[in-house]
Amino acid sequence: MTNERRVRVGIVGLGHNGLAHLRAHLGLGLSEVVALCDRNPAVLEKAGREFGIRRLYRDDAIYADPAVEAISIHTGDADHVEPFLKAIQAGRHILVEKPLANSEEDVCRMVTAAQAAPAGLQIQVGYILRFNPVFVEIRRLAASGALGQIYYMEGDYIHNLLYQARQTDPLTGRNWYLENEIPLVGGASHPLDLLRWISGKEVRRVMGISNHVAFPAMTHDDCQVCLFEFEDGTIAKVAALYAPRCAVPPYNNLRIYGTKGTIERDTAACAGTPDEVHPPFQPVAAERTKGHPYEAEIVDWLEAIVQDKRPRTPLWDGANSTLATLAAVRAIRERRAVEVPIFRDPAAARPPARGQ
Ligand SMILES: NC(=O)c1ccc[n+]([C@@H]2O[C@H](COP(=O)([O-])OP(=O)(O)OC[C@H]3O[C@@H](n4cnc5c(N)ncnc54)[C@H](O)[C@@H]3O)[C@@H](O)[C@H]2O)c1
């Protein structure tokens, strides 16, 4: 990134994820983190001291601070909505963690508020797997036609999160994870987002089932599985397991089946001729990285702000990934297939400029 200017950022929510973003901002040196906000004073003061940041807020005053032009939101899943609406109202650029919200109503409130905001606010939703070089390359392969017509996909979020039962909020004495976390939404909206992004297709219907065996302390079922039907008839199976007795499976168990090629995790088998039935799987040509690529996601957001261009996961797009998994939860609850509400790309709906 050629950084014409350093965007002045405020970070809201200083738990594990907010601090990871703060460190990534400081490490990159492309922005200026001018303010921090957490409702927990001990957490706030500790971060302020450790990182030498003086503008510290426990409340809404951060949104009105004229020194802050962009807000990065890292509160718990059900608590993104209020900071988001306040940041929009204050006219700030936003990076908001996934899932966008924990209810379909809240997602719609967020998108409606953003639609009414002045043009030029850049909003990125934190679907960070879009920045993993392996998934970037798989998307390129799909777009190049090497997989042919995609008709079936799979992706999982299989992650032992039993330790979350011990993460009680010292301020409130509550544990948002046990109370509010919905595995299909908080976890499996990641692989569903990947499948939407790689295939370029939108979901239209979903059905699902779940059980509550392995992680009884959670309010929501800890094993949730659903089948998505995309607008062109493509099918995808997505599962979320929060207490498996195994390590996280690599590359979200990604599987993509097309008429010419197949993806299995970070490998691709592409037929060279129409007669080649069993092309061998080869590793996709991309760098293998460890951990979450926070830096790449942040650079993309800062570039969007400075260069006035759309970020990789604009609001309507991230909203669709969250909404589809929230619809899946409704399908499980109502024991029937449900239609998935979809936001369309506003840029695609815009009439072509004169002369195009
Ligand atoms: N993109 C990813 O890969 C990824 C990875 C981890 C977590 N996350 C997401 O990041 C978010 C935060 O996760 P976490 O594990 O850091 O949570 P956490 O509970 O550790 O931290 C949340 C912090 O937000 C503060 N907070 C809550 N409401 C607030 C408010 N209204 N104003 C100011 N501060 C407030 C809390 O005091 C706490 O310090 C979640 O939505 C989670 O799903 C995303």
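Helices and strands in this tour are DSSP runs, numbered from the N terminus. The model is predicted.

**The whole chain**

Twelve is the number of its helices and 15 that of its strands: the protein chain has 12 helices and 15 strands. Its radius of gyration is 21 Å, close to the 21 Å given by the globule rule for 356 residues, so the chain is as compact as a globular protein of that length. If the residues are coloured by burial, 44% of the 356 count as buried.

**Lysine 98 and proline 99**

Select lysine 98 and proline 99 next. The peptide bond that joins them is cis, with omega about -20°. Proline 99 is located in the loop that runs between strand S5 (93–96) and H5. As background, most peptide bonds are trans.

**H5 against H11**

The crossing of H5 past H11 is left-handed. To see the contact, show Glu104, Val107, Val111 and Ala114 on H5, together with Leu315, Trp316, Ala319, Thr322, Leu323 and Leu326 on H11. These residues divide into eight nonpolar, one polar and one charged.

**H1 against H10**

Move to helix H1 (residues 16–28) and helix H10 (residues 294–307). Here the axes come within 9 Å, and the crossing angle is roughly 70°. H1 is thus roughly perpendicular to H10, and the crossing of the pair is right-handed. On the H1 side, select Ala20, His21, Ala24, His25, Gly27 and Leu28; on the H10 side, the contact is made by Tyr294, Glu295, Ile298 and Val299. Six residues of this contact are nonpolar, three are polar and one is charged.

**Arginine 310**

Follow the chain onward from H10. Arginine 310 is in the loop between H10 and H11. It counts as partly exposed, having 16 C-beta neighbours inside 10 Å. For a distance across the model, draw a line from arginine 310 to glutamate 45: the two are 265 residues apart in sequence, and their C-alpha atoms are 34 Å apart in space.

**H6 against H9**

Now display helix H6 (residues 133–144) with H9. The two axes come within 8 Å and cross at roughly 40°. Phe135, Ile138, Arg139 and Ala142 in H6 meet Leu194, Trp197, Ile198 and Ser199 in H9. The contact comprises six nonpolar residues, one polar residue and one charged residue.

**Alanine 188**

Stay with H9 and go to alanine 188, in the loop between helix H8 (183–187) and helix H9 (189–199). Is alanine 188 buried or exposed? It is buried, with 29 other C-beta atoms within 10 Å, and the cut-off for a buried residue is 20 or more. Setting aside neighbours within four places in sequence, its contacts are Tyr157, Pro183, Val238, Ala239, Ala240 and Thr325. Isoleucine 256 lies 68 residues from alanine 188 in sequence and 16 Å from it in space, C-alpha to C-alpha.

The last stops concern backbone torsions. Most residues other than glycine have a negative phi.

Select asparagine 252, in the loop between strand S10 (235–241) and strand S11 (255–258). Its phi is near 50°, a positive value in a residue other than glycine. Asparagine 252 is buried, with 25 other C-beta atoms within 10 Å.

Finish at arginine 265, in the loop between strand S12 (261–264) and strand S13 (267–270). Although arginine 265 is not a glycine, its phi is positive, at about 55°. Arginine 265 is partly exposed, with 17 other C-beta atoms within 10 Å.

Terms used: Residues are numbered from 1 along each chain as its sequence is written. This is a predicted model: local features need pLDDT of at least 70, side-chain atom pairs count only at pLDDT 80 or more; totals for chains, interfaces and linings use all residues. Axes are lines fitted to C-alpha atoms, for helices over the stretch in contact, and angles run from 0 to 180 degrees between N-to-C directions. Helices (H or I, at least four residues) and strands (E, at least two) are DSSP runs, numbered from the N terminus. Angles under 35 degrees count as roughly parallel, over 145 as roughly antiparallel, 65 to 115 as roughly perpendicular and the rest as oblique. A crossing is left-handed if the near helix is turned anticlockwise from the far one by less than a right angle, and right-handed if clockwise. Two residues are in contact if their C-beta atoms, placed from the backbone, lie within 7 Å. Ala, Val, Leu, Ile, Met, Phe, Trp, Tyr, Cys and Pro count as nonpolar, Asp, Glu, Lys and Arg as charged, and the others, Gly among them, as polar. The radius of gyration is taken over C-alpha atoms; the globule rule is 2.2 Å times the number of residues to the power 0.38. A residue is buried if 20 or more other C-beta atoms lie within 10 Å of its own, exposed if 12 or fewer, and partly exposed in between; C-beta atoms are placed from the backbone.
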